[in-house]
Amino acid sequence: SPEGDDFNSGLSVDDPFQTIAHALTIIKSDSLNHRIVHLANGIYSQSLNNQWLPIHPKGYVSIICESMENTIIDAEEKSGFIYNQEGGFNYTFRNLCLINGMSTEFRNILLDRSAGEIKYVNLENINFKNSIARRNQIFSGHLNLKLNKVSLVNNQDGGGMIFYNNGSNSNEKISLTNCRIIENHHWIIDGGSAYARPISFIGTGSNDPEDFP
């Protein structure tokens, strides 16, 4: 909770931690023990309650929030939101509003791993608002990725969502359901501008609709 304390136990709504980073450090998980960090309503930011951003997720630990409308991560134009490159995967983010992201070099959500055992990430009921990314708001590489009710509204970027996989031999699947990308604009850089394609697929090697349910 934004009103919590990292010296609390973190085991109940009456004794919550304050920072997401501390909860992810303390919680223990593995393939047989999937865990959940619950976020109470409120604004989570560096200036208001000492949050460390971007979030570095932990494998097999989902982050489930109280409500999309009222559980808000405000990056305050200092960073992106979620960064996971070659870390643990197999988790869900649900019911969350992300505002004022600023990623001048990369992406506001980066989910990237090398080839190997298939891993998954689910993003459900997520709103992006008023965020800037030099490249993309969401980048996913080599993952089974499901986006359900994900909205990108009034952002600036070089492309809203980009998905990369290993080509025609890949078993990775990408699923988008009830997603919206509206009122977004390309980011003007040093007098020039980047393309702002809403969705891009790279390396898919397939035109089969079954590969993109």
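Two bridges join strand 3 to strand 6 (residues 91-99), and these strands run parallel. Strands here are DSSP runs of E of at least two residues and helices are runs of H or I of at least four residues, both numbered from the N terminus; two strands pair if DSSP finds at least two bridges between them. The model is predicted, so local features need pLDDT of at least 70 and side-chain atom pairs count only at pLDDT 80 or more, while totals for chains, interfaces and linings use all residues. Residues are numbered from 1 along each chain as its sequence is written, and side-chain values use heavy atoms, with hydrogens and water left out.

In strand 6, Phe93 is the bridge partner of Ile63. Strand 3 is also joined to strand 1 (residues 35-39), by 5 bridges and in parallel, and here Val37 stands opposite Ile63. Strand 3 (residues 61-65) is mostly covered, with 5 of its 5 residues buried (under 20% relative accessible area, with a 1.4 Å probe and protein chains only). In a regular strand the side chains alternate between the two faces of the sheet. In strand 3 both faces are covered: Val61, Ile63 and Cys65 are buried on one side, and Ser62 and Ile64 on the other.

Strand 7 is joined to strand 10 (residues 132-133) by 2 bridges, and the two run parallel. Ser103 has Ala133 as its bridge partner in strand 10.

The largest pocket holds about 470 Å³ of space. A pocket is an open set of points on a 1 Å grid over the protein atoms alone, where a 1.4 Å probe fits and protein lies on both sides within 12 Å along at least five of seven lines; lining residues have an atom within 4 Å of a point. The lining of the largest pocket has 20 residues, and Gly10, Pro16, Phe17, Val37 and His38 lie nearest its centre. Helix 1 (20-26) and strand 1 are the elements that give two or more residues to this lining, and strand 1 gives the most, with 4 residues.

Overall, the chain has 2 helices and 20 strands. Buried residues make up 47% of its 213 residues. Of the contacts (heavy atoms within 4.5 Å) between residues at least 6 apart in sequence, 74% join residues at least 24 apart.

Methods. Buried means under 20% relative accessible area, exposed over 50%, partly exposed in between (1.4 Å probe, protein chains only). Grid points are joined across faces, edges and corners, and a volume is the space filled by probe spheres set on the points.
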